[in-house]
Amino acid sequence: MAKLFDLTGRVALVTGGSRGIGKGIARGLAEAGASIALASRDAESLASAAKELAPIGPRVETFPTDVARVDEIERMVTGTLEAFGRLDILVNNAGTNRRGPSVDVSEEDWDLIQTVNLKSVFFACRAAAPAMIRQGGGKIVNIASLTSQVGIRGTAAYGASKGGVLQLTRSLAVEWAEQNIQVNAIGPGFIETDLTEPMFADPQRGPWIQSRIPMGRRGYPADLAGVAVFLGSAASDYLTGQVVYVDGGFLSG
Ligand code: NAI
């Protein structure tokens, strides 16, 4: 059974891998045996994340990339293929948010959120798919959200982008099913990271979130690692177009 989840010889590219959920997922994939291509904007934090991950798996390389730019996304994928010779697992994790009432959302806020959270996912998939098709298959894991499924106050632009990620996941899953590329998504619940720190610290929202999670605790990046390994491995070969919510029961409550 362990063989089904073994990623030895596989190469995984994780965007937004310098911290938070991306780093937690990269760590899990490395523990399962994958070599890791780590991408995010800031070269310094990338280097420090790579140093942390290096002893865990066979190999880590960093690719400083702004996923808001399609040319940089293409360079990230080309660089991965040049460095490792293959690409088996693409984790589209980089994401951003600007929370607040919709009446205060500017056009710039909207464009940034859609570009980083949704447009980048499509163009990273587009850049990676030809190599996966040549190799005979691959795994794409997009990071969706509870807001792919339900409305949460103050997150309309973000929710629209993550709803888009859900639909993109389904559409590409169908389009590339015959090429043996499985396209799935993880929908994290409330996970403690830099992105959610202000929400947990808010005297009203923090306790509200806590009270709404049936398991009674927030999540941590390590909580996502097992599902990422599952979706990146042969264990999920007949699963495509799905979102796995890792939310402590939130959506069932
Ligand atoms: P984080 O803010 O800790 O990390 C985000 C990562 O994305 C960082 O490495 C950052 O450098 C990178 N990034 C942001 N903009 C980028 C850009 N333009 N180009 C390249 N890299 C960029 O956030 P967190 O919480 O780890 O989020 C990761 C993903 O999980 C995001 O897609 C987020 O929407 C999603 N998510 C997070 C939840 C949570 O509770 N933390 C819940 C649901 C979804």
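Student: Which strand do three bridges join to β1?
Tutor: Strand β4 (residues 89-92), and the two run parallel. Two strands pair if DSSP finds at least two bridges between them. In β4, I89 is the bridge partner of A12.

Student: What should I know about the model before we go on?
Tutor: This is a predicted model, in which local features need pLDDT of at least 70 and side-chain atom pairs count only at pLDDT 80 or more, while totals for chains, interfaces and linings use all residues. Residues are numbered from 1 along each chain as its sequence is written, and side-chain values use heavy atoms, with hydrogens and water left out.

Student: And what counts as a strand or a helix?
Tutor: Both are DSSP runs numbered from the N terminus: helices are H or I with at least four residues, strands are E with at least two.

Student: How many bridges pair β1 with β2?
Tutor: Five, in the parallel sense, with β2 covering residues 35-40. V11 stands opposite S35 there.

Student: What do β1, α1 and β2 make?
Tutor: A right-handed β-α-β unit, with α1 at residues 20-31. Right-handed means that, with the strands pointing away from the viewer, the path from the first strand over the helix to the second runs clockwise.

Student: Is β1 mostly covered or uncovered?
Tutor: Mostly covered: five of its five residues, 11-15, are buried. Buried means under 20% relative accessible area, exposed over 50%, and partly exposed in between, using a 1.4 Å probe and protein chains only.

Student: Which residues are on each side of β1?
Tutor: V11, L13 and T15 are on one side, A12 and V14 on the other, and all are buried. In a regular strand, side chains alternate between the two faces of the sheet.

Student: New topic. How many salt bridges are there?
Tutor: The count is 15, where a salt bridge is a side-chain nitrogen of Lys or Arg within 4 Å of a carboxyl oxygen of Asp or Glu. One of them joins R19 and D194 (3.4 Å, N to O).

Student: Where do R19 and D194 lie?
Tutor: R19 lies in the loop between β1 and α1 and D194 in the loop between β6 (181-188) and α6 (197-201), so the pair ties together parts 175 residues apart in sequence. Both residues are exposed.

Student: What does K23 form a salt bridge with?
Tutor: With E52, the closest N and O atoms being 2.9 Å apart. K23 lies in α1 and E52 in helix α2 (residues 43-53), so this pair ties together parts 29 residues apart in sequence.
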